[in-house]
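Me: I am new to this structure and would like to go through its salt bridges. Could we begin once it is on display?
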Amino acid sequence: MTQTLHIVGGGMAGSEAAWQAARAGVPVVIHEMRPEVGTFAHQTGNLAEMVCSNSFRSDDHEQNAVGLLHWEMLAAGGLLMQTAHRHRLPAGGALAVDREAFSAAVTEAVRAHPLISVSGEEITALPDSGHWIIATGPLTSDALGRAIARETGAEALAFFDAIAPIVHADSIDMSQAWLQSRYDKGETEEEQKAYINCPMDRDQYEAFIDALLAADKTEFHEGETAGYFDGCLPIEVMAERGRETLRHGPMKPVGLTNPHQPDIKAHAVVQLRRDNALGTLYNIVGFQTKMKYGAQTSVFRMIPGLQEASFARLGGIHRNTFLNSPTLLDRQMRLRSKPHIRFAGQITGVEGYVESAAMGLAAGRMAAAEILGHPIPEVPQDTAHGALIHHITGGAEAKTFQPMNVNFGLFRPVDGLKGGRRGRVARYKAYTDRAKEDWSTWIAAQEAQPA
């Protein structure tokens, strides 16, 4: 009888790993402690719950590395990408979804699969035998975190991740705000009007920055330090780096024209992106924050158009835990000291929903192949999946290892192509063409294997 694969964690990585293994014919048990044991960020017991943004970022598979990951996951029969496309919302070229519908659909599909069962207990120790994938993500429970730290011989690394607030759409003053995607990006009118934009003049922006800097912030526990991942900085931390930082980040005014005042260029613009299919909820793009709740409502209501805003969820901050993977994992994502255990998802040191799910996809396929007796070769390094795996399992410098989004900087150069900004269109297309060919070959070889 085929041995069972046990997966700890039912987030993006765990759900995708389970799906891939079950598709290969391997029985799977997902051990998910929610909702019996909650976390700071999760609201439900559903699988693949989105706790921060509702966006899987760019869907451009020819000029964007994360879009290439989308393509590779779809080519591999990835459940999460298939589900995301069924529940996508207009987002001007990004793949944004109705988060509740997305999570519910993933949960339904996983629970309906005849080879997958979901067990609702907390795993508090590393198992000594069997086939396991640890995909507990950035909010790994304290008990399991301590067990991992004991096994790896070092304290778990951590940084802090902040959550953006969500606003009720009917509380936004559209006499001041307007609908437009930056540079009118998108092929349909709905895509071209996927964002609500709130303009600020110079005085409003300066007052907003002053309020951000003066607001009460969440205090850290004794002994904790705030080592933020640069891709998810709280807005007040960005403001502390310089008063113009936000104008060149989430509040940049470029590519937008205010129809209420078409002849006046905004000094800064706050964007909100649709968060559900009904269009009743919008999240404030890039506005992760560690301000206390009372401060958030007063500061965010300084934004033109949000003076009477009603918040469905305010921002927050939580601790993210990840491994020093370059020293701990092999190229098959196995723990070197206990090779019957694989790790997947954000705990491996990748950052983002897509990257986490991609590591789950790879780990699920690797584990299933090993159980079935025909281990698969390493993921080709020149694919998006392979570039990430290479980075976290040895390509990165262990002493300075930090969470990483997928990007073309992780890809090996293509001979004969120009470097620099002028050559990047051709270079990125060459990267994605090469990746698709290598990925398709890798997937085809596995599909040819007997179950």
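Me: Is Asp330 buried or exposed?
Reply: Asp330 counts as buried, at 16% relative accessibility. Buried means under 20% relative accessible area, exposed means over 50%, and partly exposed lies in between (1.4 Å probe, protein chains only). The model is predicted: local features need pLDDT of at least 70, side-chain atom pairs count only at pLDDT 80 or more, and totals for chains, interfaces and linings use all residues. Residues are numbered from 1 along each chain as its sequence is written, and side-chain values use heavy atoms, leaving out hydrogens and water.

Me: Which residue forms a salt bridge with Asp330?
Reply: Arg334 does, with the closest N and O atoms 2.9 Å apart. A salt bridge here is a side-chain nitrogen of Lys or Arg within 4 Å of a carboxyl oxygen of Asp or Glu. Salt bridges with shared partners join Asp330, Arg334, Arg342 and Glu370 into one network.

Me: How many salt bridges are there by this rule?
Reply: The count comes to 15.

Me: What does Arg99 pair with?
Reply: Arg99 forms a salt bridge with Asp275, at 2.6 Å between the closest N and O atoms. Arg99 is in helix H4 (residues 99–112) and Asp275 in the loop between strands E12 (268–274) and E13 (281–284), so the pair links distant parts of the chain, 176 residues apart. Helices (H or I, at least four residues) and strands (E, at least two) are DSSP runs, numbered from the N terminus.

Me: Are these two buried or exposed?
Reply: Arg99 is buried, with a relative accessible area of 9%, and Asp275 counts as buried at 2% relative accessibility.
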